[in-house]
Protein chains: 2
Amino acid sequence: MTVKQLSLPELVEACGQLGVANVGLWREPVQAYGLEATAKLVRDAGLTVTTLCRGGFLTAVDPAERAGALDDNRRAVDEAAALGTDTLVLVSGGLPAGSKDLHGARERIADALAVLGPYAEDHGVKLAIEPLHPMFASDRCVVSTLAQALDLAERFPARQVGVTVDTYHIWWDDNAPAQIARAGAGGRIHTFQLADWITPLPEGVLNGRGQIGDGSIDMREWKGYVEAAGYTGAIEVELFNDRLWARDGRELLAETAARFVEHAG
Amino acid sequence: MTVKQLSLPELVEACGQLGVANVGLWREPVQAYGLEATAKLVRDAGLTVTTLCRGGFLTAVDPAERAGALDDNRRAVDEAAALGTDTLVLVSGGLPAGSKDLHGARERIADALAVLGPYAEDHGVKLAIEPLHPMFASDRCVVSTLAQALDLAERFPARQVGVTVDTYHIWWDDNAPAQIARAGAGGRIHTFQLADWITPLPEGVLNGRGQIGDGSIDMREWKGYVEAAGYTGAIEVELFNDRLWARDGRELLAETAARFVEHAG
């Protein structure tokens, strides 16, 4: 999504030219290009798919909506397995329309994980609950902190459910470093993502993630926390930003790779 | 500020017509109307000033900036005392330009409180640290949770430094109810403010506070937490919202009073 202006073949080609060997993918462009075609494309290029984003949206009350969400998440697990990644990132969902019950919404996520965790394990896929910044609590994700994500994940085996550590969402939280240690001790850091915090936030706040190095977050500090917690997996850079998307995709990918070396290498 | 489209005399008159006996004021309109004139205006109308907003912005590194901020906060204490309120709300300040050091910024706030706390006490004023929503952590307030605010406040006597509990900033935090209990046990809930959480957030996110009842927050639940913690003071409604400010101020004040009764009465 960092370079969503590139088609999947363009992305794969650009990764090859830059020596980028790992890529995180989102479901929508994969579905548009075709699942099997994408799997072949990345496999032929020797690229490893680090994670698939995203499953989730598990907070509905309506039974038909809940059943639909579970079906969609099973499909997401299938897609992850077909792409050869072992990690599906979950954005848990916000409050149903008119609801003020955060606790109830979080419990419905747990109910869904009890169904989806074993399904994912059977397909060789781990679920990675992503706490989103509290500014998304009502409309996108009622899981706002690593502590909340771990409270949910720890009800299940680590091989089924862990967490996504994303600097953008947790950088303000002085409790987050201790929670990263807790996650690492339990083998539950299933992926680690970087984006920087910049202001002013745009309307709707979704597409304001900053290029690493442009904002308030010390990337090397957070990389140190996950490494100290035993994480040895890939590090993803995930930028949602209308200004970055308006630029040339290859140039942006090259800049991002260079920023990664400068700020988190 | 909820009805900043009203002049201070209009506000005082409208409060009288609605039977509103308490009002929180902001420094800018008070200074524009004149401190002594404002004090006389509210006194003659029999209105009680609940709090003065706001002091703070105590995170600068530059010595001249720090000295200037301390001077400004002493003036804010003086203004609060002149208006007859015992509570000055503090918005602590964000990261200095280019800084990524949240911890250091929080420590500089503590350094400033060590100077301002005794000054405020000498003038019969309590300082109320307001944790702001984490979406303001970089540019407005590095104190993002009640726990952080209390970690700061508890270094000083409760008669000098406590906290502001504002539903808008803390509603997402499952740790906040326990922190309200902690604050109440220490006599540190210095004011309690209501606003609702609505989306989409506007660009810059500052002026997106929702009318109570319009959003995701159960006002009565949070009122219950502060009352269970022993709080018996005034409850303020503080809305920053361009759409509300574009409306007739008297009508908005009447609506707000009605919403208060409906959702928090």
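Reader: What covers the buried residues of H5(B)?
Author: This is a predicted model. In it, the cover over the buried residues of H5(B) includes helix H4 (63–83) and helix H6 (146–153) of chain B. Strand E3 (87–91), strand E4 (126–129) and strand E5 (161–166) of chain B are also part of that cover.

Reader: And which residues in H5(B) are buried?
Author: Among them are Leu102(B), Arg106(B), Ile109(B), Leu113(B), Leu116(B) and Ala120(B). Gly104(B) and Gly117(B) are buried as well.

Reader: Why would residues three or four places apart point the same way?
Author: An α-helix has 3.6 residues a turn, so residues at that spacing point the same way.

Reader: OK. How far apart are the end C-alpha atoms of H5(B)?
Author: They are 30 Å apart. Helix H5 of chain B has 21 residues, 102–122, and at 1.5 Å a residue these should span 30 Å, so the two values agree.

Reader: Where is the kink in H5(B) centred?
Author: On Leu113(B), with a kink of about 30°. Leu113(B) is also one of the buried residues of that helix.

Reader: Switching to the sheet. What's the strand order in chain B?
Author: The order is E1-E2-E3-E4-E5-E6-E9, seven strands in an open sheet with parallel pairing. Strand E1 (22–26) and strand E9 (235–237) of chain B are at the edges; each has a single partner strand, so one side of each has no neighbour in the sheet. On average, neighbouring strands of this sheet are turned by 30° against each other, direction ignored.

Reader: How many bridges join E4(B) to E5(B)?
Author: Three, and the two strands run parallel. Leu127(B) has Val161(B) in E5(B) as its bridge partner. H6(B) packs on the sheet there, touching E4 and E5 of chain B, and its direction makes about 165° with that of E5(B).

Reader: Which strands does helix H9 of chain B lie across?
Author: Helix H9 (residues 219–228) of chain B lies across E5, E6 (189–194) and E9 of chain B. H9 runs at about 175° to E6(B).

Key: Residues are numbered from 1 along each chain as its sequence is written. Chains are lettered from A and ligands numbered from 1 in the order in which they are written. This is a predicted model: local features need pLDDT of at least 70, side-chain atom pairs count only at pLDDT 80 or more; totals for chains, interfaces and linings use all residues. Side-chain values use heavy atoms; hydrogens and water are left out. Helices (H or I, at least four residues) and strands (E, at least two) are DSSP runs, numbered from the N terminus. The expected span of a helix is 1.5 Å times one less than its number of residues. The bend at a residue is the angle between axes fitted to the seven residues ending there and the seven starting there. Buried means under 20% relative accessible area, exposed over 50%, partly exposed in between (1.4 Å probe, protein chains only). Contact means heavy atoms within 4.5 Å. Two strands pair if DSSP finds at least two bridges between them. Axes are lines fitted to C-alpha atoms, for helices over the stretch in contact, and angles run from 0 to 180 degrees between N-to-C directions.
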